Amino acid sequence: MSNSSNIESILSETRSFPPPATFTAQANIGSEEQYEQLWHMAKDDPSKFWGEMAENLTWFQRWDTVMDGDMPNTKWFTGGKLNVSYNCIDRHLETERRNKAAIIWEGEPGDTRVLRYQDLHREVCKFANVLKSLGIETGDRVTLYMPMIPELTIAMLACARIGAVHSIIFGGFSADAVADRNNDAQAKLVITADGGWRRGKEIPLKIAVDASLEKSPSVEKVVVVRRTGGDVDMVPDRDLWWHDLMADASAECDAVELDSEHPLFILYTSGSTGKPKGVLHTSAGYLLGTMMTSQWVFDLKEEDTYWCTADIGWITGHSYICYGPLANGASIVMYEGAPNWPDEGRFWELIEKYQVSIFYTAPTAIRAFIKWGNEWPEKHDLSSLRLLGTVGEPINPEAWMWYHEVIGQERCPIVDTWWQTETGGIMISPLPGVTATKPGSCSRPLPGVVPDIVTEKGESLEANQGGLLVMRQPWPHMLRTLYGDHDRFLETYFSTIEGCYFAGDGARRDADGYIWVMGRVDDVINVSGHRLSTMEVESALVAHERVAEAAVVGFPHEIKGEGICCFVTLKHDDGTEDLKAELIRHVRHQIGALATPDQIRFAASLPKTRSGKIMRRLLRDIAAGRESTQDTSTLEDFNILAKLRNDEE
Ligand code: WTA
């Protein structure tokens, strides 16, 4: 049936892959019964469930109340006191983990460093003392604008140790973006580096900081790590070298006892309109969520070598490079640079070199690997891998299959993890020892997560009807507010569907209860009264052997309301008119006449955000032949836009 608030689903994917028995036998959650029991307990009695889970953290003072108040203003573990850095470091020092590698780091030029837990402790304590010596107090905001070097993690944990609130800005953002965020957070201190390495070039960070500070007067001091050795202007009385400050710092610094709800960090995420949103996460609930989901989803074991390829400037890096894995005492790999430097085999070389067992990356990276060709992974021994993950966008089934076959060698379960900056941690994901995976589905909710798929009026939809993905119950690691703008927080996430959290994605649930995320609801197109998910048309295109990547958008169409315009990147050769016709036939054949593309446009690459998400709103303007009025400040490469426009016939 067709209802105006439903999204019609046209993707039919029937492949299913049960977890290998050998994986199940050793998994942290190892049976369907165990999953069901945990999930129902968490739904029916969340206070009991999360109270039991919270025994996994180390507390200075136990909480009085697990869950205090209703969504959206639920507080967690009130009355309790703990310290996030203590939980990520100090408590491991009392065990054999003190000699274990915490961070195995490799710079893009090939330099390496290993920090054992006791080394990390020393560096974090020293830098926490540096922060104090610069006048940073509990609650003050500190901006981190740094490359992927160990000092970034050290600085995060040092902030957490004294209760300062970090705000990390991805190193690809401009000086203006840094200034806006400094101002919004009223940051007192900026920590940066001279630069970082990316594809053999230096990304100059300090220069951008200097420019940003002309517009952000709250900042009093700047700490600069020497990474590339590039030229920097050090402003007297304002700018200080990291190594000078650390040389004199004491390695003893008690972790401050902080309330469970003490703010841990602000992370800015772009809104579709208006200024960036300062998502605020707090201490105990966030830490617990990232710790437990790391155990459940990544099946972390003492002997694992775990690599998440995200930049720490995004939530994935916060939660699954730093806080979740370190709270579990894991060994993490951290890499500074690009996946195609010095060649397209760098990631596979790192996996072989460090014997990585768990590998977590993004669909956009996977599509790039496919384009670069199988010869790169085939040159390396990937037999250390036992689990693969993906996050950030819906993964097209054919990209999933490639990941499964070429990287996982049909041996490794894939966890397709759905979550958001706002949710703090993974919400919907297979459990690798339990869930039979279906390519393209993030499968089922984790314990503590109660999703629903509803109409715009909030009515639950039946199986296979697409609608809005919402959360009906609060969870410990959810955002608490948008920094300085609680009204915007309420309006953005809690006003669309009464009593529910809604952050913009469309999805459907299949007859087995598996969730298929169809992308942002803004990306839905309406063809002749049928609301279609652009992601499903994209998946059909990517299933064609010559297609590497596709982005589908609607454009105004006299007859159909909206027409379907497909931007297609090919694996090798240039596209021809014949190939266009073939792709149109292919999509018709795969999903039906309703989804017949009106236009196919070949593009050398697609416009993406710096975290790798395709910017369909820009493509919409191009498809409609409009000048763009959109904010392009988060675009990775401006040249792509100019090129796409010039390619218009
Ligand atoms: C999308 C990243 C489908 C989704 C952790 C969400 C996904 C947005 C998936 C959040 C997935 C993330 N399948 N879509 N497995 N994971 N998304 O805040 O649209 O950078 O709302 O957080 O990415 O992006 P964010």
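Me: How many salt bridges does the rule find across the interface of domain 1 and domain 2?
Reply: In this predicted model, local features need pLDDT of at least 70 and side-chain atom pairs count only at pLDDT 80 or more, while totals for chains, interfaces and linings use all residues. Residues are numbered from 1 along each chain as its sequence is written, and side-chain values use heavy atoms, with hydrogens and water left out. A salt bridge requires a side-chain nitrogen of Lys or Arg within 4 Å of a carboxyl oxygen of Asp or Glu. Across the interface of domain 1 and domain 2, the number found by this rule is one.

Me: Which residue meets the side chain of Glu 549 in a salt bridge?
Reply: The domain assignment, automatic or from a database, gives domain 1 as 30-434 + 484-495 and domain 2 as 524-647. At 2.4 Å from N to O, the side chain that meets Glu 549 in a salt bridge is that of Arg 367.

Me: What area do domain 1 and domain 2 bury between them?
Reply: Buried area is the accessible area (1.4 Å probe) that two parts lose on being put together, summed over both. Of the area buried here, 58% is on carbon and sulfur atoms, and the total is about 1600 Å².
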